[in-house]
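Subject: Handover of a protein structure

Dear colleague,

Please find below the structure that I am passing on to you.

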Amino acid sequence: RRQRQMCIRDSIRKDLNYSNQDPIFGTILNITKVMIEQDAISENTQELIEGIELLIQTNAGDSISIIQKNDQYSFILGDKVIIKKTNNQSKVMPSE
C-alpha cells in the first residue's frame, strides 16, 4: 500500500502536457481516505498524515487520481473542482 500511495502522488498523465499555468476542471467521481507519508522523498515511514485520494473526471473526459493532504477543503461526490499544478505538485480545490 505504501508503494501505491507514493506512485499516485501526482498521477496526471505526462503525455497530456498539462502545464503549470493551465488549470484543469472536472468532477469528483470517488473519494477514498488514505494515509500519506509526511516526507515521501526521504522515505521516513514513521510520520503518517491523513489524506484523501480523489478520482476526478476532467471536462476533457480524462480520469485523474490525485492524493493530497486532507486539509482545508471538504469534498463530496459530484463536486466541481479545479486542479492547479505548480512545480510538479497538483492541488485539488473546489471550483466556484
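**What was found**

Ser 65 has a relative accessible area of 14% and is therefore buried, since the cut-off is under 20%. This residue lies in strand S3, which covers residues 63-69. The side chain of Ser 65 also makes a polar contact of 2.7 Å with the side chain of Glu 53. Please keep in mind that the model is predicted.

As for the overall architecture, the protein contains 1 helix and 5 strands, and along the sequence these follow the pattern α-β-β-β-β-β. The protein has 96 residues, of which 34% count as buried. Its accessible surface is about 6,300 Å², and carbon and sulfur atoms contribute 47% of that area. Among contacts with a separation of 6 or more, 53% are between residues 24 or more positions apart.

The interior may be considered next. In soluble globular proteins, nonpolar side chains tend to be buried together. Here, the largest nonpolar core is made up of 11 residues: Ile 24, Ile 28, Ile 52, Leu 54, Ile 56, Ile 64, Ile 66, Phe 75, Val 81, Ile 83 and Val 92. At least two residues of this core come from each of strand S1 (24-39), strand S2 (44-58), S3 and strand S4 (80-86). S2 supplies the largest share, with 3 residues.

Which residues does Val 81 contact, leaving aside its neighbours within four places in sequence? They are Ile 24, Phe 25, Gly 26, Thr 27, Ile 28, Ile 56, Phe 75, Val 92, Met 93, Pro 94 and Ser 95.

Phe 75, another name from the core list, has a relative accessibility of 12% and so counts as buried. The protein has 1 aromatic pair. In this pair, the ring centres of Tyr 73 and Phe 75 are 6.1 Å apart and the ring planes meet at 50°, so the pair is tilted.

Finally, Asp 79 belongs to the loop between S3 and S4. Not counting residues up to four places away in sequence, Asp 79 touches Gly 26, Thr 27, Ile 28 and Ser 74. Asp 79 and Met 93 are 14 residues apart along the chain, and their C-alpha atoms are separated by 9.8 Å.

Yours sincerely

Methods:
Residues numbered from 1 in each chain as written. Predicted model: local features only at pLDDT ≥ 70, side-chain atom pairs only at ≥ 80, totals over all residues. Heavy atoms only, no water. Helix = DSSP H or I, 4+ residues; strand = E, 2+ residues; numbered from the N terminus. Buried < 20%, exposed > 50% of the residue type's maximum accessible area, 1.4 Å probe, protein only. Polar contact = N/O pair within 3.5 Å; in protein donor to acceptor, adjacent residues only side chain to side chain. Core = buried A, V, L, I, M, F, W, Y, C linked by side-chain atoms within 4.5 Å. Contact = heavy atoms within 4.5 Å. Areas by Shrake-Rupley, 256 points an atom, 1.4 Å probe, with all protein chains shown as cover. Phe/Tyr/Trp six-rings, centres within 6.5 Å; stacked < 30°, edge-to-face > 60°.
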